[in-house]
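Please look over the sequence and the 3D structure below. This report then walks through the charged side chains and their surroundings.

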Amino acid sequence: MNWDIANRDTAVVAAHEEMEVSRRLQAAWRWGQRRDKLQETAALRLEYPELSLSELAAEFDPPVSKSCLNHRLRKLLELSRDLSE
């Protein structure tokens, strides 16, 4: 039971960070002029903040793997850090 609570807490913190990154990038990019996988990832994270990685991965059309989604989210974090520099 403690494992489930800790796992859920970690997922909530990660989702919050992913949403902040998505907002930062959305403000910096000309959002309406781009349509790529990273933008789609950021938009879906903002639209579905409560979903786990597996659930969020299933929202893509076509669905992506959890690993693919994790890679995209790490890339978004990297891009966000580059904006801060």
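## A pair in helix 1

Arg23 is partly exposed, at 39% relative accessibility. Partly exposed sits between two cut-offs: buried means under 20% relative accessible area and exposed means over 50%, with a 1.4 Å probe and protein chains only. Glu20 is also partly exposed, at 31%.

Arg23 and Glu20 form a salt bridge, with their closest N and O atoms 2.8 Å apart. A salt bridge here is a side-chain nitrogen of Lys or Arg within 4 Å of a carboxyl oxygen of Asp or Glu. Why are Arg23 and Glu20 separated by about one helical turn? They are three residues apart in helix 1.

## The model and its numbering

This is a predicted model, where local features need pLDDT of at least 70, side-chain atom pairs count only at pLDDT 80 or more, and totals for chains, interfaces and linings use all residues. Residues are numbered from 1 along each chain as its sequence is written, and side-chain values use heavy atoms, leaving out hydrogens and water.

## The chain as a whole

The chain has four helices and zero strands. Its pattern along the sequence is α-α-α-α. Helices (H or I, at least four residues) and strands (E, at least two) are DSSP runs, numbered from the N terminus.

Of the 85 residues, 28% are buried. The accessible surface is about 5,900 Å², and carbon and sulfur atoms account for 52% of that. These areas come from the Shrake-Rupley method with a 1.4 Å probe; for residues, only the protein chains shown count as cover. Take the contacts between residues at least 6 apart in sequence: 48% of them join residues at least 24 apart. Contact means heavy atoms within 4.5 Å.

How many salt bridges does a search of the whole structure find? The search finds three. One of them joins the side chains of Arg45 and Glu18, at 2.8 Å from N to O. Arg45 lies in helix 2 (residues 37-47) and Glu18 in helix 1 (residues 2-28), so the pair ties together parts that are 27 residues apart in sequence.

Are these two residues buried or exposed? Arg45 is buried, at 2% relative accessibility. Glu18 is buried as well, at 15%. Glu18 touches Arg45, Leu53 and Leu73, not counting residues up to four places away in sequence.

## Charges in helix 4

Glu78 and Lys75 form a salt bridge, and their closest N and O atoms are 3.4 Å apart. Both lie in helix 4 (residues 66-84), three residues apart, or about one turn of the helix. Glu78 is partly exposed at 41% relative accessibility. Lys75 is partly exposed too, at 33%.

Arg72 is also placed in helix 4. Side chains of opposite charge can pair when their charged atoms come close. Arg72 is buried yet has no salt bridge. Which side chain of opposite charge is nearest to Arg72? It is Glu40, 4.5 Å away. For charge, Lys and Arg count as positive and Asp and Glu as negative; His and the chain ends are not counted. Leaving aside neighbours within four places in sequence, Arg72 contacts Lys37, Leu38, Thr41, Phe60 and Val64.

## A cis peptide bond

Asp61 and Pro62 are joined by a cis peptide bond, with omega about 0°. Where does Pro62 lie? Pro62 is in the loop between helix 3 (53-58) and helix 4.
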